[in-house]
Amino acid sequence: MQILAAVASAVLLSTVPASAQVFVSSSDIIGKTYDYVIAGAGTAGCVVASRLAAKDFSVLLVERGPATFSDAVAKQRQAPIFTLYNWNTPELSDPINAIPSSRRAPLTTVPMVRGNALGGTTNVNAGAWSRPLYTDFDKWNTAGWNSSDIRQYFVRVEKSRYGATDPQNHGSSGPLSISFPSHNQTLNDPFLAAIKELGKPVLTDGGNGVNNYGVWPLVTVNNNGKRLTSCDAYFKLLADTKGGSASNLVITTKAQVAKINFDSTGTVATSARIEYGLGVSGVTVTIKKEMIVSSGVYGSPHLLMLSGIGPVADLKKLNIPVIKDLPVGKGLVARPISIVVNSGKVQTPEMDILNYLNATTYSNFWLPVKAFLELPCSTVNYPGVSPIPRSIVHMCLLTDPKSRGSVTLTSSKWSDKPKILPNMFDVDSDLDILVACSKWLRQFEKTKAMSDYQLLEFLPTELIQTDDSWKFYITNNPNGFSMHAWGSVPIGNAGAPNAVVDGKLKVFGTSNVRVADTSIIPAGFSSGIMSIAYVIGEKASDLILADA
């Protein structure tokens, strides 16, 4: 059947203060001076923009993606059930094709997803909220970023609505509403029973930063069942803080910071060149205080290198004047995944999907992504959503890969996308771990707790038995990658190998250029990546304001 969603036109920034100067064109900002220029309105960028604007500084926020969505996309993006569809929607995502691993045969490319709208990747991810262990930050070996320094920021961002009330680990008044999905997930109880049957721990408050080993019910970032992006959450916070007035915040979209200009010493960022493309003239704006680079794990190294900050040999090949010789782009980490799919007698809440698409209700329909995804059955027909059998999809995600990749320039043109080489599985142990995890999933499928579902593996099928056949399957699966990537502009103390920014997030050798996004993460962690992006935004805001 054809599903029709009758909804009103949607503007993404419905929560932006009414007096903010939003979506201004190039002619509105040419020659202007701003206290802070922020390149990228992603997860962390929106946090920083909100916090700085709340203190009455003038802020220019530059976003590559659009300001508004079509009716259909506005509806679609609200529900993480359409995450895979969102990845391929230009209004939401701007992927970069890359060969994820040299082990692929043949060496075919896959799209490395990145958000392309106000709110960044929070427009296209699954919305699941999980935290790393606080002690994961001790591996950063960077002053100001250890476990005791960071705990407060996880508490600050949360508005816990799922019964977790420990004030040492959970917040009650933050901008991010976090709760259990209200929809009854039919597989939760048997899934948890199967985990217990296999001798693994089931936690009541997993992902609290203290104990992450085990399985726990999913919690999500949401607003009454709808997706809650960093843009939605933090611009509402700004509106509430400023009484609806925030004319000091200026947002320009479908624009990109193409270059940061420096003074004669190469230390102080003095201005930023902003390009719009499509025949629109670029403009230059003056930076009074600081330049904040928050363009994401692929965009931030791209901008720094275009501005002359990067490996000297790479820059000279493209005739880019060298400002700072730093290992920008050399520490990229991309998490690989292994997928096992089973068909069977799986109940799926198809009527909730139909009601959602018909705009009759918001049922808080969320995928239970604790360790599997419950997918819609084939009776649901929606553009871009392929009909599939009633299925359970298990995903093994490697949280701490040892393989390292890179982000490099393809040219000196700002409009040319960078080259990404994730180099997944360059270290053999990464692949060995995923093989072992995938084989363990077959034990899960055969537990007594799951027997009523009569599961039958159809991907990769029981024909895959040897370690070598598992390795071939994992490295060649077109969906064998995740959005979780980091480390292209890593943090570290002075002299640390591959470090590009210091503990205050300033690029080494500069006085007023900071990087605030997941590109700074220098080590693996035991959770999803979204919560860390929010914490980086909050911590960056404190560091910037301390020097204001």
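Visitor: Contact means heavy atoms within 4.5 Å. With that settled, what covers the buried residues of H12?

Guide: This is a predicted model, and in it the cover over the buried residues of H12 includes strand S18 (333-343), H11 and strand S23 (456-459).

Visitor: Which residues of helix H12 are buried?

Guide: Helix H12 spans residues 467-476, and its buried residues are Ser469, Trp470, Tyr473, Ile474, Thr475 and Asn476.

Visitor: Changing topic: how many disulfides does a search of the whole structure find?

Guide: The search finds 1 disulfide. Cys396 is joined to Cys437, with an S to S distance of 2.3 Å. The two cysteines are 41 residues apart and link distant parts of the chain: Cys396 belongs to strand S20 (residues 391-397), and Cys437 to helix H11 (residues 428-445).

Visitor: Is the disulfide of Cys396 and Cys437 left-handed or right-handed, and why?

Guide: The disulfide is left-handed, because the torsion about the S-S bond of Cys396 and Cys437 is about -85°.

Visitor: Are those two cysteines buried or exposed?

Guide: Cys396 has a relative accessible area of 3%, so Cys396 is buried. Cys437 counts as partly exposed, because its relative accessibility is 29%.

Visitor: What about Cys46, and which cysteine sulfur is nearest?

Guide: Cys46 is in no disulfide, and the nearest cysteine sulfur is that of Cys231, 5.0 Å away.

Visitor: On to the strands: in what order do S8, S9, S10 and S11 stand in their sheet?

Guide: The 4 strands form an open sheet in the order S8-S9-S10-S11, with mixed pairing. Strand S8 (158-160) and S11 stand at the edges with a single partner strand each, so one side of each has no neighbour in the sheet.

Visitor: How do S9 and S10 run relative to each other?

Guide: Strand S9 (residues 176-179) and strand S10 (residues 220-223) run antiparallel and are joined by 2 bridges. Val221 in S10 is the bridge partner of Ile178.

Visitor: And what joins S10 to S11?

Guide: S10 pairs with strand S11 (residues 226-227) over 2 bridges, in the antiparallel sense. Asn223 has Lys226 in S11 as its bridge partner, while Asn222 stands opposite Arg227 in S11.

Visitor: How many residues lie between S10 and S11?

Guide: There are 2 residues between the strands, which form a hairpin. Asn224 in the turn has a positive phi of about 55°.

Visitor: Last one: which helix lies across S8 and S9, and what is its angle to S8?

Guide: Helix H5 (residues 147-157) lies across S8 and S9 and runs at about 60° to S8.

Definitions and conventions
Residues numbered from 1 in each chain as written. Predicted model: local features only at pLDDT ≥ 70, side-chain atom pairs only at ≥ 80, totals over all residues. Heavy atoms only, no water. Disulfide = S-S within 2.5 Å. Buried < 20%, exposed > 50% of the residue type's maximum accessible area, 1.4 Å probe, protein only. Pairing = 2+ DSSP bridges. Axes fitted to C-alpha atoms, helices over the stretch in contact; angles between N-to-C directions.
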